[in-house]
Amino acid sequence: MTQHRYLPHTDDDVARMLGVVGKPTVEALFSHIPERLRAKRPLEIEALDEGALLAHLGMLGARSQPAIGAVSRDGAALSFLGAGLVPHTIPTAVDMLLQRSEWYTSYTPYQPEVSQGTLQAIFEFQTMVSEILGLPVANASMYDGASATAEAVLMAERVTGRRRVVFAGAVHPQYVETMRTYLSAEAATAEQLADVERHVGIGADGRADAAALEKALASIDDVACVVVQQPNFFGVVEDVARLAKLAHDRGALLVTATAEPVAFGVIAPPGATGADVAVAEGIGLAIPPTCGGPGVGLFAARADLVRQLPGRLVGETVDKDGRRGYVLTLATREQHIRREKATSNICTNQGLIALAFTIHMSLLGKRGFTEMARLCLAKTEYLKGKLAALPGFALPFAGPTFNEFAVRVRGGDAVRVVEKLAEEGIFAGVPAAAPVLGNASSKNDRDLLLVAVTERHSRADLDRLAARLDEVAR
Amino acid sequence: MSDRTTKTGTPIETRHLLHSSRPIFEQGAPGRSGASLPPLDVPSVDPAALFGDGARATAAALPEVSEVEVTRHFTRLSRWNYAIDLGLYPLGSCTMKYNPKVNERAARLPGFAGLHPLQPPSTMQGALELMWRLEKCLCELGGFKRVTLQPAAGAHGELAGVMMIRAYHAHRGDGAKRTKILIPDSAHGTNPATCTANGFQVLTLKTGADGLLSPPAVKEAIAAHPGEIAGIMITNPSTLGVFEEHLGEIADLVHEAGGLVYMDGANFNALLGKVRPGEAGVDVMHINLHKTFTTPHGGGGPGSGAVGVGAALEPFLPTPTVERDDSGHYRLEFNRPTTIGRLRSFYGNFGMFVRAYAYIREMGGAGLTKVTEMAVLNANYIRARLVEHYPLAYDKPSMHEVVFTDKRLKKETGVQTLDVAKRLMDFGYHPPTIYFPLPAVTGGAGALMIEPTETEPPETLDAFCDAMIAIADEAHKDPDVAKNAPHQTALRRLDETRAARTPKLRWTRE
Amino acid sequence: MDDYPNELRYTKEHEWARLEADGKTVTIGITKFAVESLGDITQVDLPSEGEEVRKDAVFGTVESVKAVSDLFAPVTGKVTKVNSPLRDSPEYVNEDCYDEGWMIQVEMKDPGELSALMDQPAYTKYLKEQDEK
């Protein structure tokens with residue numbers, strides 16, 4: 001059968017239309033394409049009907065053991081994976097609402113009269129991001145936390161007219177690598193790139209070494225911003241206010257990057273501790289982990305920086321009859337108008353994922369967000385206590401943590417322990433030296449394991465992890 | 001005038017039962033919640049005890065509503081949106097084709113949705129295999145040696161592509177000299193923005209009088225900057241909807257000058273099975289999975305911008321790549337010495353990979369070729385029906401989109417593209433693209449860029465053309481109707497000036 | 001208000017210049033034609049006092065909702081005054097582009113440059129030619 005369900009045209013339709021167009025055949029519509037440029041042979045991809053397609057995809061799906069189960073734990077692992085993506089419980093209503101066609105088959109809201117749904121939802125998203133991160137202005141979202149961090153640094157360079165960035169403490173290696181790729185676009189040589197980027201290490205408590213930062217800032221000029229992850233890559237909660245003061249004393253901006261925004265349910269948000277720009281990864285609160293994407297980058301800044309913000313912005317206004325409505329605004333920052341002079345080349349925002357985030361935050365609400373954070377905190381402290389008590393295990397950093405922490409495993413080989421536990425359906429965490437983190441990971445301590453805990457983990461789950469770790473570690 | 005017909009008697013068949021829903025922060029009551037969280041089964045911890053001054057002082061002022069109110073709010077809001085599932089979106093260069101439902105089911109399979117990107121690769125072989133297979137399919141479709149799936153959107157893919165071009169020249173010791181990229185004036189705004197972001201200087205090529213890029217213009221630009229050309233960024237078909245017939249010659253000129261050819265693949269829907277750009281002189285091309293390959297537009301995202309490369313740029317691909325061993329085992333490869341690095345966390349918009357892969361496998365090679373044929377037929381049908389009412393920007397054959405101008409309409413009636421766009425809403429359509437291409441390219445006139453895509457039945461095209469003709473007729477009889485349009489929508493002509501002059505970008509308690 | 005006041009000089013990029021009483025300072029803004037082309041102006045970006053501007057070079061930008069336009073200096077010199085209220089009230093340019101909507105004042109390096117600009121008849125003729133294209 002050659003008729004396809006997504007291609008309505010019958011042979012009769014085609015014949016009639018060709019008559020109107022004035023061409024003898026469909027091929028005649030392509031006759032002006034020079035022979036030299038034409039495909040030399042037909043495409044070699046086999047077609048599948050729906051049944052065969054779902055069987056094929058189902059087979060591919062079955063070749064993985066998901067970290068997060070759909071309904072119950074059946075078939076899924078017991079997972080403590082974090083390190084950039086911490087999956088939370090997403091209530092059923094979120095995905096059900098997301099599947100309304102008016103949401104997911106709609107386009108960018110360039111025509112406001114027929115897109116008020118999307119525009120108002122983004123306005124609400126911007127409000128929520130502003131509240132969570134504690135800064136007055138938030139955009140309609142970036143691609144993910146890592147690229148949002150890169151864009152924040154580029155923005156700091158525009159605002160200050162300077163070109164250096166200092167990474168303070170343990171920042172996620174993928175965020176650093178992403179930043180490096182973006183910065184390399186501006187640096188003509190490898191030497192220039194190395195000159196632009198500085199790193200300050202951590203103290204014994206796992207936090208960024210403030211004294212070292214002060215020293216570093218005193219020794220170089222031309223620093224656009226200091227970047228700190230909050231909580232940091234090892235899960236430790238930073239003293240952002242202290243770092244912000246050091247940055248501001250040298251005329252630099254303070255940028256925070258966050259992989260786990262639920263932290264701000266119990267810890268002071270970046271805006272309250274002196275951050276000028278704050279970004280975060282929102283995927284864990286929006287959709288199931290989906291192998292890491294699509295994510296949603298939250299981006300907020302001081303009010304006076306609004307015209308340097310990358311990405312889309314939705315603003316409130318009125319129509320000609322005085323009714324409240326919403327429009328994309330301050331578009332003159334963006335590529336479709338400024339072209340070469342745009343604040344960024346970004347075009348898309350993460351629309352649907354931002355919507356999922358907004359719906360979830362509406363369901364959680366003021367009390368639920370705090371409650372979720374408190375659950376994460378309490379369960380993490382419980383697990384930390386249990387692991388610290390295991391012979392040969394140690395918590396290397398004294399600084400306070402939220403829902404992720406580093407633990408030294410007995411025997412010195414976290415990668416081996418994780419592999420063994422994976423065989424029995426436990427994803428114990430992400431080894432700091434895991435190859436899957438990227439090239440820079442190999443420089444991390446081999447005995448360090450990053451463990452993430454959320455409201456999803458029962459006390460029994462935490463007890464089981466502790467017991468199995470004790471069993472499997474040498 | 002009855003609001004159910006136009007002045008010329010054409011019926012308007014849209015009606016609404018539409019509820020407003022105030023910003024969610026204005027709904028609910030203190031203490032309400034829609035959360036369902038487990039009880040605390042471990043000892044409680046006081047944040048102040050652990051964090052001291054670092055604890056959060058006041059809770060984020062998120063809404064306080066029940067699930068009922070949330071459901072009603074987002075259901076009501078959704079009904080204010082136009083969507084593909086409601087009707088035609090004739091938006092040029094956006095490829096608003098039907099979003100298959102089986103793709104949504106596929107993406108939600110637990111073996112895909114439940115994967116954490118950092119779980120041991122041996123536990124996610126299915127996902128790695130899907131990525132590998134999708135890459136192979138896109139190589140087959142585009143004529144490329146390799147494809148990276150990492151970029152999150154088209155513009156992100158452009159960034160990757162131009163970065164690779166930059167790395168290529170730097171690697172050959174040429175980086176300091178090759179500082180310029182040629183871009184036609186008809187290009188999408190992301191093109192020059194991407195080049196500037198990479199430290200390149202943009203040399204603008206004027207579109208020829210026939211709407212095509214001309215080899216002499218390219219030759220002249222190259223000659224004026226000997227040894228400085230890093231490459232050219234072209235769109236094919238161009239944003240005017242016409243096939244760049246001189247692509248072969250232009251690619252030769254640029255290659256001879258030591259540069260590389262970047263193709264913006266936004267219009268790939270016009271080429272499937274007909275042209276494989278990698279075999280036609282293109283060194284790198286980004287592919288919008290959310291255009292040609294049906295991943296949903298979602299109200300503005302997420303997209304997914306895969307980038308295909310030939311042998312010249314393969315060494316510079318972002319990491320990690322997905323590789324397959326002889327034993328059929330899949331792995332992530334991070335050890336690529338000349339990679340440009342990574343542009344984001346993890347591997348890309350995996351949820352979109354599943355959908356695009358499902359679509360490609362459902363259609364197959366012959367099906368995708370028919371996609372292009374019907375897309376081009378549909379655009380040409382609209383062209384044939386409307387050409388007497390709206391002049392074309394250029395006379396060259398249209399591919400998958402057709403560009404009309406408002407030149408005659410404006411002169412004869414004062415009605416412009418913006419007014420036509422707003423009046424189309426009254427007929428139940430989303431307007432075509434109107435702010436693009438720029439007037440410089442359309443002879444100073446406003447543009448109407450129309451891309452119907454292949455998933456539109458002929459009856460829809462006829463109804464749309466009837467509406468466009470009715471609007472043109474009505475403009476001659478009573479231009480004020482269009483100038484004051486839309487009349488049917490619940491909100492009309494929102495004040496964008498006010499939004500820009502006094503930006504109010506979040507809800508606040510007054 | 002005249003569409004194109006007689007005492008002003010004009011540029012091809014639709015700026016105007018008015019010679020002040022001291023004979024060496026000019027006040028600069030954009031013409032009615034520019035304002036009508038842009039529509040509602042949402043932002044004006046101007047240089048600071050003390051900065052140098054060069055004839056025919058870009059000295060700032062003016063934005064409407066849908067477009068950004070460069071501002072080109074009619075003369076070379078030093079910026080002595082900037083109409084800072086335009087930052088919060090760009091609509092002054094729409095309301096009164098020759099008076100309240102003035103943008104910068106420049107002390108000319110070479111007062112002779114002024115005579116190279118178009119006078120009112122020349123500018124209105126130029127506009128007519130543009131329209132017929």
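Modeller: Let us begin with the divisions of chain A, which is split into domain 1 (11-62), domain 2 (67-90 + 364-473) and domain 3 (95-360); please keep in mind throughout that this is a predicted model. Chain B is likewise divided, into domain 1 (1-31), domain 2 (102-362) and domain 3 (372-501).

Biologist: How far apart are the C-alpha centres of domain 2 of chain A and domain 3 of chain A, and how many residues of each are in contact?

Modeller: The two centres lie 26 Å apart, and 34 residues of domain 2 of chain A touch 34 residues of domain 3 of chain A. In chain B, the C-alpha centres of domain 1 and domain 2 are separated by 41 Å.

Biologist: How does one express the size of such an interface, and what area is buried between domain 2 of chain A and domain 3 of chain A?

Modeller: Interface size is often quoted as the accessible area that is lost when the parts come together. Here about 2,700 Å² is buried between domain 2 and domain 3 of chain A, with carbon and sulfur atoms giving 71% of that area. On the domain 2 side, Ile90(A), Phe369(A) and Phe397(A) lose the most area to domain 3 of chain A, together accounting for 23% of what that side buries.

Biologist: Which polar interactions are counted between these two domains of chain A?

Modeller: There are seven residue pairs in polar contact between domain 2 and domain 3 of chain A (both residues at pLDDT 80 or more), whereas the count of salt bridges between them is zero. H12, strand E11 (404-408) and strand E14 (448-452) of chain A each supply at least two residues to the side of domain 2 that touches domain 3, and H12(A) gives the most to that side, with six residues. By class, the residues of this side of domain 2 of chain A divide into 22 nonpolar, ten polar and two charged.

Biologist: Which backbone features deserve a second look?

Modeller: Most residues other than glycine have a negative phi, and most peptide bonds are trans. In chain A, the bond from Gln230(A) to Pro231(A) is cis, with omega near -15°, and Pro231(A) is placed in the loop between strand E5 (223-229) and helix H10 (240-249). The bond from Gly293(A) to Pro294(A) is also cis, with omega near 5°, and Pro294(A) sits in the loop between strand E7 (277-281) and strand E8 (297-301).

Biologist: Where is Thr95(B) found, and is Thr95(B) buried or exposed?

Modeller: Thr95(B), which has a positive phi of about 50° although it is not a glycine, lies in the loop between helix H2 (67-78) and helix H3 (101-107) of chain B. Thr95(B) counts as buried because its relative accessibility is 0%.

Notes. Residues are numbered from 1 along each chain as its sequence is written. Chains are lettered from A and ligands numbered from 1 in the order in which they are written. This is a predicted model: local features need pLDDT of at least 70, side-chain atom pairs count only at pLDDT 80 or more; totals for chains, interfaces and linings use all residues. Side-chain values use heavy atoms; hydrogens and water are left out. Domain bounds come from an automatic or database domain assignment. Contact means heavy atoms within 4.5 Å. Buried area is the accessible area (1.4 Å probe) that two parts lose on being put together, summed over both. A salt bridge is a side-chain nitrogen of Lys or Arg within 4 Å of a carboxyl oxygen of Asp or Glu. A polar contact is a pair of N or O atoms within 3.5 Å; within protein, one must be able to donate a hydrogen and the other to accept it, and residues adjacent in sequence count only if both atoms are side-chain atoms. Helices (H or I, at least four residues) and strands (E, at least two) are DSSP runs, numbered from the N terminus. Ala, Val, Leu, Ile, Met, Phe, Trp, Tyr, Cys and Pro count as nonpolar, Asp, Glu, Lys and Arg as charged, and the others, Gly among them, as polar. Buried means under 20% relative accessible area, exposed over 50%, partly exposed in between (1.4 Å probe, protein chains only).
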